[in-house]
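Please open the model in your viewer and keep the sequence panel beside it.

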Amino acid sequence: MNAGEVLVPIALFALVFGMFYLYLTTRHKQRLALIEKGADASIFGMVNNGKSGKYWTIRTGLFFIGIGIGVLMGNVLANAGLLEPVAYISMIFIFGGLGLLLFHMIFRNLN
């Protein structure tokens with residue numbers, strides 16, 4: 001094993017951890033600043049500050065189901081010889097987008 005094979009996963013993990021840490025600390029500071037000013041911090045409970053905020057789990061779930069189906073379809077089509085292995089990414093985006101469209105149609109019918 002050379003150094004590149006070890007450093008790339010470590011760097012990727014450090015990058016994801018750093019972004020997550022920065023997001024959480026910034027959010028905490030914003031909420032504390034709102035509380036100090038006497039403002040209501042409940043606006044952070046809504047996703048996109050709209051009516052679809054309470055449905056974020058459904059949206060996220062459908063998106064990840066779409067990504068999973070995209071990976072599966074990319075594998076099936078690559079093994080059948082119909083697509084190059086590079087086409088995994090296009091299948092992930094196509095089926096992830098279809099999952100979000102499905103959420104939009106469900107949410108529109110609920111309102």
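Begin by selecting helix α3, residues 88–110, whose 23 residues reach 33 Å from the first C-alpha to the last, close to the 33 Å expected at 1.5 Å a residue. Helices here are DSSP runs of H or I with at least four residues, strands are runs of E with at least two, and both are numbered from the N terminus; the expected span of a helix is 1.5 Å times one less than its number of residues.

Before going on, note that this is a predicted model, in which local features need pLDDT of at least 70 and side-chain atom pairs count only at pLDDT 80 or more, while totals for chains, interfaces and linings use all residues. Residues are numbered from 1 along each chain as its sequence is written, and side-chain values use heavy atoms, with hydrogens and water left out.

Within α3, colour M91, G96, G99, F103 and F107, which are its buried residues. Buried means under 20% relative accessible area, exposed means over 50%, and partly exposed lies in between, with a 1.4 Å probe and protein chains only. What covers these buried residues includes α2, residues 56–79.

Select α2 next. Its 24 residues should span 34 Å at 1.5 Å a residue, and its end C-alpha atoms are 35 Å apart, which agrees. The residues buried in α2 are R59, L62, G66, G70, G74, L77 and A78, and their cover includes α3.

Now follow the chain out of α2, where G81 comes after the helix with a positive phi near 85 degrees. In the loop between α2 and α3, pick L83, which is partly exposed because its relative accessible area is 28%. If neighbours within four places in sequence are left aside, L83 is in contact (heavy atoms within 4.5 Å) with L77, A78 and M91.

The aromatic rings make the next stop, and the structure holds four aromatic pairs. Rings of Phe, Tyr and Trp (its six-membered ring) pair if their centres lie within 6.5 Å; planes under 30 degrees apart count as stacked, over 60 as edge-to-face and the rest as tilted. One of the pairs joins F63 and F64, and it is tilted, with 5.7 Å centre to centre and 50 degrees between the planes. F63 counts as partly exposed because its relative accessibility is 30%, whereas F64, at 53%, is exposed. F103 and F107 form a stacked pair, 5.8 Å centre to centre with 15 degrees between the planes. Both lie in helix α3, four residues apart, about one turn of the helix, and both are buried. Select also F13, F17 and Y21, which form one aromatic cluster.

The 35 residues of α1 should span 51 Å at 1.5 Å a residue, and its end C-alpha atoms are 50 Å apart, which agrees. Just after α1, G38 takes a positive phi of about 85 degrees.

Finally, display the chain as a whole. How many helices and strands does its secondary structure come to? There are three helices and zero strands, and from the N terminus on the elements run α-α-α. Of the 111 residues of the chain, 14% count as buried. The accessible surface, from the Shrake-Rupley method with a 1.4 Å probe and, for residues, only the protein chains shown as cover, comes to about 8800 Å², of which 72% belongs to carbon and sulfur atoms.
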